Amino acid sequence: MDQDSISPARAAETPQETPAAQAVPAIDVLNVSKLFGEGQSAVRALDDVSVAIGENAFFTLLGPSGCGKTTLLRLIAGFDHPSAGQILLRGEDISELPPNQRSVNTVFQSYALFPHMTVRQNIGFGPKMLGWDKARIDRTVTDMLALVRMEALADRRTDQISGGQQQRVALARALAPRPKVLLLDEPLSALDYKLRKEMQTELKRLQHETGITFIFVTHDQEEALTMSDRIAVMSAGRILQIGSPREIYLHPRERFVADFIGDTNFLAAEVIEAGGGMARLRLAGGGEAEATVPEGVAATGRVTASVRPEQARLVAPGQGALTGRVAGRVYFGTDTLVTLRLADDSAFTLRVQNSLTDGEPPGEGAEAGIALAPGALQVLRD
Amino acid sequence: MARAFEVRRQRGFVTVAILCFIALYAPMVTLVAYSFNAGSSLALWEGFSLRWYGAAWENEAVQEATIRSVVVAVSASVLATAIATMAALGTTRVPHYRGLTAVYALINQPLMVPEIVTGVALLVVFAIVKEATGYHGLFYLIAAHTAFCIPFAYLPIRARLQGMDSRLEAAAADLYASPWAAFRHVTLPLMFPGIIAGAMLAFVISLDDVVITEFVKSAGQDTLPTYMLGQLRRVVTPEINAISTVLLAISVAIVSIFFLVTRKRT
Amino acid sequence: MPEAAEPAPEAPAAPRVDAEEMARRAVRRRWLLNLPAILWLILFAAGPLLVVLLYSFLAAGDYGGVRWELSTDGWFAVLMTRDIFDDTLRLQDAHLAIFWRSVKLSVMTTLACLLLGFPTAYFIATRSRANRNLWLFLITIPFWTNLLIRTFAMLEWIRAQGVINSVLTGLGIVDEPVQMLYTDFSIMLGMTYVYFPLMVLPLYASMEKLDFRLVEAAYDLYASRLQVLRGVIVPLVSPGIVAGSILVFIPSLGAYVTPRVLGGGKQMMLGNLIELQFGQGRNWPLGAALSISLLALVMVALIFYVRAAQKGGEGHG
């Protein structure tokens, strides 16, 4: 991937933000690189990353561990400084400011609540450090306690409350000074499944009610899809794609993005003809199909295309774009995953919704055709 | 029903352990008991009396030694704790830097060198200084005690700091605390139990020291332990037991508090 | 949203500092924090040792102290002596005996502490969690109480008119009090008594981490109690055995108070010999050379310990 390829993505990104954000984004990351260590052994944690994050957005940095998402968050928070590039907060360069001089607050992964203070004192800490007068601090703390529904436990010490409650206090503490941007570093990872689901809704509500830009870091693609307004998918210190959850899921531009988010089938193919964002492909598994070509992806010669399991349908043999032999079925309750072996011996998985009327999908060894939903096949950049 | 097979059992271990505990405490119990003996013998029990405590209380040499012991122990523990606190902040939770190992070695040095060697070394150096300056005051004792108290004060403070989440200071900075405010409102209150524990250990160590004090003290500068050591050459009366009992009580009290402070809130 | 109209916080303006300058400041602050400890310990702990080294190469003054001229007499006198009559060189038997006694008593003390401390530490480590702290506390109390007082307590037990002899004569087991005081035995007994906690504490620290599922596994594989002890428990707690042994051995080697009180000046150890040179002996260079020798012995023990600890670390991850 060449370096310039990020910039068009950012250019394409900005106009889709709310109108107010068009002029000045809440956070503007400009060509930021971050190296750890020196000389030969230096590790490039961030490699020329640019992204504009609009006002009043729930923005998610998604990627596997070590992809640079937490590094980027730390740079925005001020715990580290970029090796190159700039970070603007509402148009003002904050790259070199220490954390206590940035109007950006963080919800830490394991909350980092002050153990020697009560819930109330924790929430009041930021305003106190800002030198607000006592009445205003009290009012803010009371409001925040109400916002996260922790009034009843306000005078408990933080080690006397549950993990979910600590999470709420951490949120309230970070929101109390009314930051311009709130950073959340995998804040739900320490919670059990049920609580995590609850907090996802809670976070969305808080973002909505406060109108503060949330920048949320996670490696959990499901969490990212359900909560975010926009997602930036990161890998190896770069941002690969930025878009709404729907765009990211339905129209991944890169093999990595398609693979990391959800399940997908990769099909080797050769371009017969291309133009106007579309291409006609000859699939290695047999048959031809129309595919969409995302902006910035070259559709020539041999390419990889992807299609999601639920966007393909089993049809009679000979019909549809592809034909294969059923190699296995796994029953999932609401649906069944059927794996077929194609002519080139590659596997293709599709999701068949179970219903009372249609009967079972064909059994192992049976031959079947695969029809692809129009526009579902997508040419990827490798 | 057969007794369950006890995996942890080893033949005779419990007996040996119990005997060791008895052996550990029996001499001290005798020592304390004879401090209340009405007679002047350490062998014959002649009834209960506080006579020897009274004798010790009125003994001018004991009074002076007590005051000196306390002055030295308080000064040394305060100094050592202040120095150790700073050193703990400079050596804990920092990326490894050049010279760090040397600083560790220096701080732990008094624990590794035999007391007699340190005592001799200070005797030699202070002899030069005493001759050059003509000053024979308590500072020598305080300086020596502070030095060997530093590692004892340092250990609990360092342990406390190491156990502390460095993200708490990051959180404070994130919430607009200046480095000083973060230290004052977060770091210092959290390390305070460690500082108290360190100061108490330093106090006990200084109060109990015999060897180094014996070499460093100028004429007539006995502390309680060196006074007692000197008395052993003469006829021993339960007065020594009375002084010992008081010192023991102080140590036990301080160590108990130390235990409570370090056990809680971990 | 409460306080939606609240203006965003404006952080106090401060001069902008670049990252490199911040790193430089962090380094400077670190050294400023370490400085008092470094200075104090160099002045009053480490530095004086160098002076002792220097003194060991000077000539003895007539009334203590040194004359400022280079001399190896001090080192010479550590092991050798010149016959007063015919000026021939002989080994200094008295010093050799003291060196030998110091090493012998220290080794024996260490072994005694280990033999008694191992079951004791094991006992504490196998108590319930609530009781464990109490037993540990009982070991810690003597650890922090005055060594002189504990030696003194032992003295009262083993004196001719002490508790042990009173019991023995009272029961008619012996007619005359047994002479225990002022012997090698009394010194060893006293050192075992005072340094016992130093053995138990590190032993306990390793045993506390002992995974008893391994012991169960050994029994499951037909091991006897003794085989479990030798083949599983001892190897697993060997770091504690090494640490405890070194913690007892080093102060034993440099012991001064215990041999003085329980050896009565007759059965000297190195510490007493050193003190003698700075007191009545008035041979400071010899005392300095002896001090350096003691320090060297301690260093050898420490190097052995570090080696053993590293090996143990490799063996058990």
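Biologist: Happy to look at this with you! How many residue pairs are in polar contact across the interface of chain C and chain B?

Modeller: First, a word on the model: it is predicted, so local features need pLDDT of at least 70 and side-chain atom pairs count only at pLDDT 80 or more, while totals for chains, interfaces and linings use all residues. Residues are numbered from 1 along each chain as its sequence is written, chains are lettered from A and ligands numbered from 1 in the order in which they are written, and side-chain values use heavy atoms, with hydrogens and water left out. A polar contact is a pair of N or O atoms within 3.5 Å, where within protein one must be able to donate a hydrogen and the other to accept it, and residues adjacent in sequence count only if both atoms are side-chain atoms. With both residues at pLDDT 80 or more, the count between chain C and chain B is 9.

Biologist: Thanks! Which element of chain C gives the largest share of the side that touches chain B?

Modeller: Helices are DSSP runs (H or I, at least four residues), numbered from the N terminus. On the side of chain C that touches chain B, 19 residues come from one element, residues 19–55, and that is helix 1.

Biologist: Which residue of chain C forms a salt bridge with B:Glu214?

Modeller: The rule asks for a side-chain nitrogen of Lys or Arg within 4 Å of a carboxyl oxygen of Asp or Glu. It finds 1 salt bridge across the interface of chain C and chain B. The closest N and O atoms are 3.5 Å apart, and the partner of B:Glu214 is C:Arg260.

Biologist: Which three residues supply 42% of the area that chain B buries against chain A?

Modeller: Chain B and chain A bury about 1900 Å² between them, 67% of it on carbon and sulfur atoms. The three that supply more of chain B's part than any other three are B:Asp174, B:Leu175 and B:Tyr176.

How values were computed
Helix = DSSP H or I, 4+ residues; strand = E, 2+ residues; numbered from the N terminus. Buried area = accessible area lost by both parts, 1.4 Å probe.
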